[in-house]
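Welcome, and thanks for taking a look at this one with me. Please open the structure below, and keep it in view while you read the notes that follow.

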Amino acid sequence: MAYPVSIDVSPLVTGRNRLTTLFRLILAIPHLILVGGVGMGIGTASGGDNRTTVGSETGLLGAVAAFLAVVSWFTIVITGRQILGIRQFTAFYLRWRVRALSYVMLLEDDYPPFGDAPYPAAIDLVDPPEPRNRLTVAFRLFLAIPHFIVLFFILVAWTLTSIVAWFAILITGSYPQALYPFGVGALRWRLRLESYLLLMVDEYPPFSLA
């Protein structure tokens, strides 16, 4: 069966916009503040020297979604159900996030909308059956540890290939064809894991870029 979180990105390899690519990180600042970048955080912060920065990791909306995930953790473990309003907000955040990340990481050139609107990058979430799986929810962070380890290297590679793509677009006007599927796959893996951590699904994410 297909995983209940699917990410669809309309390919945009040739005919790229050199000007917006040149200033992509600057243009994306409002979205980075609101929904974050590609970091490994999920909107939490710890004391001491090890601090997760909300703005660069998940943004302001992501910090709210992470707090609501804590609320959902209790409601699901106790009742087996997630509050509908929390689910709707988190889905809204993830829809915005997939559009913003596609733009920041050069998969698309169209400027992302602020909120919900058609865009060539989208995420679809299938509602899990109720009652929810209390056991996997209770140990969700521990279960996700293998993904944290693997995805760290995936995101490092994605950052490097995006830098290569940035230069390639400025020089040739095209995103390297061989690198584009990897970028989409990295985005897919990142959003699947985040959906799992935010308790939107119970199925364990696949170790796959597809």
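Contact here means heavy atoms within 4.5 Å. With that in hand, Val5 touches Ile123, Asp124, Leu125, Leu191, Arg192, Ser195 and Val201, once residues up to four places away in sequence are set aside. Please bear in mind that this is a predicted model.

**Overall layout**

- The protein chain holds 10 helices and two strands, and along the sequence these elements follow the pattern β-α-α-α-α-α-α-β-α-α-α-α.
- The radius of gyration of the protein chain is 17 Å, close to the 17 Å that the globule rule gives for 210 residues, so the chain is as compact as a globular protein of that length.
- Of the 210 residues in the protein chain, 48% count as buried.
- The accessible surface of the protein chain is about 10000 Å², and carbon and sulfur atoms contribute 72% of that surface.
- Among contacts in the protein chain with a separation of 6 or more, 74% join residues 24 or more positions apart.

- Val5 sits in strand β1, which covers residues 5-9.
- Is Val5 buried or exposed? Val5 has a relative accessible area of 0%, and because buried means under 20%, Val5 counts as buried.
- Val5 and Val137 are 132 residues apart along the chain, and their C-alpha atoms are separated by 17 Å.

**Helices α9 and α10**

- Helix α9 takes in residues 145-172 and helix α10 residues 180-197; their axes come within 10 Å and cross at roughly 145°.
- The crossing of α9 and α10 is left-handed.
- On the α9 side, the contact is made by His147, Phe148, Val150, Leu151, Ile154, Leu155, Ala157, Trp158 and Thr161. On the α10 side, the residues are Phe182, Gly183, Ala186, Leu187, Trp189, Arg190, Leu193 and Leu197.
- By type, the residues of this contact between α9 and α10 divide into 13 nonpolar, three polar and one charged.

**Helices α5 and α6**

- The axes of α5 and α6 also come within 10 Å, crossing at roughly 145°, and the crossing is left-handed.
- Which residues meet where α5 and α6 come together? Leu61, Gly62, Val64, Ala65, Leu68, Val71 and Ser72 in α5 face Ile86, Phe89, Thr90, Phe92, Tyr93 and Trp96 in α6.
- The residues of the contact between α5 and α6 divide into 10 nonpolar, three polar and no charged.
- Val70 is also found in helix α5. Val70 has a relative accessible area of 47% and is partly exposed.
- Val70 and Arg95 are 25 residues apart in sequence, and 20 Å apart in space from C-alpha to C-alpha.

**The loop between α5 and α6**

- Ile83 is found in the loop between α5 (59-79) and α6 (84-104).
- With a relative accessible area of 41%, Ile83 is partly exposed.
- Leaving aside neighbours within four places in sequence, Ile83 is in contact with Val71 and Thr75.
- The C-alpha atoms of Ile83 and Ser72 are separated by 6.9 Å, with the two residues 11 apart along the chain.

**Backbone points to check**

- As background, most residues other than glycine have a negative phi, and most peptide bonds are trans.
- What is the phi of Leu106? Phi of Leu106 is near 70°, a positive value in a residue other than glycine.
- Leu106 lies in the loop between α6 and β2, and Leu106 is buried, with a relative accessible area of 3%.
- Leu199 has a positive phi too, of about 65°, although Leu199 is not a glycine.
- Leu199 lies in the segment after α10, and is buried, with a relative accessible area of 2%.
- The peptide bond from Glu130 to Pro131 is cis, with omega near 0°.
- Pro131 is found in the loop between β2 (121-125) and α7 (134-138).

How values were computed: Residues are numbered from 1 along each chain as its sequence is written. This is a predicted model: local features need pLDDT of at least 70, side-chain atom pairs count only at pLDDT 80 or more; totals for chains, interfaces and linings use all residues. Side-chain values use heavy atoms; hydrogens and water are left out. Axes are lines fitted to C-alpha atoms, for helices over the stretch in contact, and angles run from 0 to 180 degrees between N-to-C directions. Helices (H or I, at least four residues) and strands (E, at least two) are DSSP runs, numbered from the N terminus. A crossing is left-handed if the near helix is turned anticlockwise from the far one by less than a right angle, and right-handed if clockwise. Ala, Val, Leu, Ile, Met, Phe, Trp, Tyr, Cys and Pro count as nonpolar, Asp, Glu, Lys and Arg as charged, and the others, Gly among them, as polar. The radius of gyration is taken over C-alpha atoms; the globule rule is 2.2 Å times the number of residues to the power 0.38. Buried means under 20% relative accessible area, exposed over 50%, partly exposed in between (1.4 Å probe, protein chains only). Accessible areas come from the Shrake-Rupley method with a 1.4 Å probe; for residues, only the protein chains shown count as cover.
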